[in-house]
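Dear colleague,

Please find the structure we spoke about below. My notes on it follow.

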Amino acid sequence: MNMTVLPGRLQGAVTAPPSKSHVHRLLIAAALCKEETAIHCPGDNADITATARCLESCGAKIEREGEGFIVSGPLQKPYQALDCGESGSTLRFLLPLCAALNGNATLTGSGRLPSRPNEPLLDALRQHGAQIDGDFLPQTVRGGLRAGDYALPGNVSSQYFTGLLFALPLLNGGSTLIYTSPLESMPYVDLTLSVLRQFGVTVELIENGWSIPGNQPYHSPGAVEAEGDWSAAAFWLGANALESKVAVNGLNPASCQGDKAILDLLRQIGGEMDVTDTPDLMPILSAVAAAIPGQTTRITGAARLRLKESDRLAAMANVLNALGGQVEEQPDGLILHGTHLMGGTVDGMNDHRVVMSAAIAATSCAGPVTILGAEAVNKSYPHFWKDFAALGGQTHV
């Protein structure tokens, strides 16, 4: 689907969709419990659906009821294909779990996911007895994971640490998990730790990592609520920096979500900002920075974004330059010379964050913007275009 967005500021109020980062974690923890858990989650998306689908393939019972899920486990030894869709979180969280559950499961995926590397995680799992066929999807996991001392680089993906933090408490014996270089995207790991605590799992902080006792059961807290998504809210808050007036409801100011930093980072436009801990904010920050005339902004700490649903650094540089922007691509970021954007046709690169950022940039363009592959929003925010229209955004297919 190609969507043409007409220029014009947005105004009104929206409710943030549920945080997919939080829901992934709640679903997995709930599926590891014997008891039933009610997860309040008013909405879902393709990535959340992928995690639920895979957990059901591992024996969990997941029912969509009203504005949430009813989940019960415990997970069984997986013996069938687990389709992770395009969700990197689903894959990286379930690889260690499948190895810990000693099944015989083949993990598959689509889009760019089969080509996205996971070498540090695979190395750590194999060094501790896991039998995993192949380095890229499809991969068959045959179990065998043992407790022990795990060490991974911290500058590749925090998702590796989350996957291990879910799996290691299940093993027969205690483990340690250490990051050998500074851990990037630490707020995502903090979110994982908060969910583990909520489900009765003990993880002890040690220098550069954690000590994790083994043989721990997960216990349901009964009912939990998914937080509103600061990552999704960032698009509307970015629009406000371009003179829209959007109120975003349903956000927790005390959340562990790192992307609540959007409020501070927007104030840094016109200077240098480091998105090491909040890489998902780079697309919307670059869209805003490119559209504010007379200010030069440098975004750094974003090299990992080359391995997302698209090469997001190249994608955003191409999108914004196609709209008349002045953007220089760097190895780990972008330099954006703010100017009046004109409009044009851009490729969304099958990347939800690129598409939504292009839509927000379009609100301040001089002419219409046609976004190719606009349906990519379904990955994280299926109601984005509906909310965009409710705020007065003018579009046509």
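L177 is found in strand β11; helices (H or I, at least four residues) and strands (E, at least two) are DSSP runs, numbered from the N terminus. This is a predicted model, in which local features need pLDDT of at least 70 and side-chain atom pairs count only at pLDDT 80 or more, while totals for chains, interfaces and linings use all residues. Residues are numbered from 1 along each chain as its sequence is written, and side-chain values use heavy atoms, with hydrogens and water left out.

L177 counts as buried because its relative accessibility is 0% (buried means under 20% relative accessible area, exposed over 50%, partly exposed in between, with a 1.4 Å probe and protein chains only). Leaving aside neighbours within four places in sequence, L177 is in contact with Y150, L152, F161, L164, L165, L168, N208, G209, W210 and I212, where contact means heavy atoms within 4.5 Å.

Strand β11 belongs to an open sheet of four strands with mixed pairing, in the order β10-β11-β13-β12. Two strands pair if DSSP finds at least two bridges between them. At the edges are β10 (149-152) and β12 (204-206), each of which pairs on one side only. On average, neighbouring strands of this sheet are turned by 20° against each other, direction ignored. Axes here are lines fitted to C-alpha atoms, for helices over the stretch in contact, and angles run from 0 to 180 degrees between N-to-C directions.

The pairing of β12 with β13 (residues 209-212) is antiparallel and runs over three bridges. In that pairing, E204 stands opposite S211 in β13. Helix α5 (residues 158-167) packs on the sheet and touches β10, β11 (175-179) and β13; the direction of α5 makes about 170° with that of β11.

**Nonpolar cores**

A nonpolar core is a set of buried Ala, Val, Leu, Ile, Met, Phe, Trp, Tyr and Cys residues joined through side-chain atoms within 4.5 Å. The largest one has 68 residues, and L107, L177 and W210 have the most contacts inside it. Helix α3 (residues 88-101) gives the most to this core, with nine residues. Another core lies apart from it and has 66 residues, including A16, L281, I284 and L305. In soluble globular proteins, nonpolar side chains tend to be buried together.

**Aromatic rings**

Rings of Phe, Tyr and Trp (its six-membered ring) pair if their centres lie within 6.5 Å; planes under 30 degrees apart count as stacked, over 60 as edge-to-face and the rest as tilted. By this rule the count is 12 aromatic pairs. One of them is the tilted pair of F384 and F388, with 5.9 Å centre to centre and 35° between the planes. F384 and F388 are separated by about one helical turn because they are four residues apart in helix α12 (residues 384-390). F384 is buried, with a relative accessible area of 0%, and F388 counts as buried at 1%.

Elsewhere, R64 lies over the face of F69, at 4.4 Å from the ring centre. A charge sits over a ring if NZ of Lys or CZ of Arg is within 6 Å of the ring centre and within 35 degrees of the ring normal.

**Backbone points to check by eye**

Most residues other than glycine have a negative phi, and most peptide bonds are trans. A cis peptide bond joins G73 and P74, with omega about 0°; P74 is found in the loop between β5 (68-72) and β6 (81-83). The bond from L137 to P138 is also cis, with omega near -5°, and P138 is in the loop between β8 (132-133) and β9 (139-141).

Although not a glycine, M349 has a positive phi of about 60°. M349 is placed in the loop between β20 (344-347) and α11 (352-362) and is partly exposed, with a relative accessible area of 39%. N350, not a glycine either, has a positive phi of about 55°. N350 lies in the loop between β20 and α11 and is partly exposed at 41%.

Regards
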